[in-house]
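Take a look at the model below. We will walk through a few of its parts in turn.

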Amino acid sequence: MTDPRKGDHAEPTTHFGFQDVPESQKAKKVAEVFHSVAAKYDLMNDVLSGGMHRLWKRFTIELSGVRTGNRVLDIAGGTGDLAAKFSRLVGPTGQVVLADINESMLKVGRDRLLDRGVAGNIEFVQADAEKLPFPDNHFDCVTIAFGLRNVTHKEDAIRSMLRVLKPGGRLLILEFSKPTNKLMSKAYDAYSFAFMPLAGKLITNDSESYRYLAESIRMHPDQETLKSMMVAAGFDRVTYHNMTSGIVAVHRGIKP
Amino acid sequence: MLLAGLLASAEHGINHVLRMDSTALPRLAALEGKVVEIDCLQPALKLFVLPDDQGLMLAAHWEGGVDCTLRAPAGRLAQLALAGDKTAVLHSPQVQLHGDTAVLLDLFGILQDLDLDWEYELQRWLGPVPTALLAGHLRLRARWSRQGLTRFSQNLSEYLAEESRTLVGKREAEAAFSELDALKVDIERLEARMRRLAHTLDTSDNA
């Protein structure tokens, strides 16, 4: 029997958009994409989602149940949208850690938050979601918004998040998912593969990164698959909420 | 998502207004970490308000604990938002309060005491000189409108009470009420005297 994840080389392969690449190459390729888009990441998010990403993130915050004094980890925090809100919610007695594997995104996020006066209870850490450099049972809430699909070993990342959560703590995964409506799905495909690369070309002069974005969304596990991955990792009471007809879903699991 | 969008816009607008009052944000900071649930009964709608030093956060859904719940029909909530004396509305039977009511009263107190420095905001956009001219003009207009409204209200009440005799004047009504009060007291006194006489008659018959 041959391992279906193995290509011509002996190294296992994984998907990078619709391409199969050696696992060791995925992180590097993803990093290149985000280095390329970091400077105009927020603008592109607003253009591509029509501002909807702000509402999706708001709903994620509402589900977090974060209170004053809590410790929150925002993985793949990018430009710090969620971290800024969490910083307000946890107050001066709490702590927010914004972690991102990509140096450029972290730098943009850090500068943006400091410019907005978000400081004091927030730390910035360059970290890999699969190997989180934090102690066990440390955080009250862990979030990852639009980041999981770029992780090479998603199961390892989910297990790592479970490890750093306190018992009773909650993980929230906000990610693109599978539209629940067939008509919406067709329109969304046309939008993703025609408009997104074009907008990327016009705004950041980089259509390839946005082609990757569209492809990586299609390769990401759907709602039920991601839910079963969270259950398999050891999360309890796993539920998900579809938003905008399932284009985006937020999964929530509690550490038992 | 539509409600979330509306709340996001409302939150943006409210926080902008709150920043125009120099004391509102420091006072809201004292309520940081508190969560107020406003539960509208008719139509059914829930709103969560989270105050902090940057203003108010509004949410349609909140998973965390709630410090205070205000439950009332939409009409009462609107009345509460507009009323000068909010305590009177809060004590009405259709309004239910649960939890730490001090949080809610503090929050309403802050919103009621808002003194917006709109000239500063205008100055940021137009500059100091045009703002001074415009503000003077607006203040004059506002004073003129207030005086006009007061005069109109006085004239209207005089017309209705004195000329058309449609309504009873305030002094006339007060005199009538005082006569009614005196009559009521007299009747009560008479009733008491009759009861005493009846009691006296009963005692003499028995003797």
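**A guided walk**

With 28 C-beta neighbours inside 10 Å, A:Asp100 counts as buried (20 or more other C-beta atoms within 10 Å of its own; exposed means 12 or fewer, partly exposed in between; C-beta atoms are placed from the backbone). This is a predicted model: local features need pLDDT of at least 70, side-chain atom pairs count only at pLDDT 80 or more, and totals for chains, interfaces and linings use all residues. Residues are numbered from 1 along each chain as its sequence is written, while chains are lettered from A and ligands numbered from 1 in the order in which they are written.

A:Asp100 sits in strand 4 (residues 95-100) of chain A. Helices (H or I, at least four residues) and strands (E, at least two) are DSSP runs, numbered from the N terminus. Beyond its neighbours within four places in sequence, A:Asp100 has contacts that include A:Ala76, A:Met105 and A:Gln126. Contact means C-beta atoms, placed from the backbone, within 7 Å.

UniProt, in an unreviewed entry, gives a "binding site" at A:Thr79, A:Asp100, A:Asp128 and A:Ala129. UniProt positions follow the numbering used here, feature names are shortened, and annotations may be inferred rather than shown by experiment. A:Asp128 lies in the loop between strand 5 (122-126) and strand 6 (139-145) of chain A. Is A:Asp128 buried or partly exposed? A:Asp128 is partly exposed, with 18 other C-beta atoms within 10 Å.

Now turn to chain B. Helix 6 of chain B passes helix 7 of chain B in a right-handed crossing (the near helix is turned clockwise from the far one by less than a right angle; anticlockwise is left-handed). Among the residues making this contact are B:Leu122 of helix 6 of chain B and B:Leu134 of helix 7 of chain B.

Notes. Contact = placed C-beta atoms within 7 Å.
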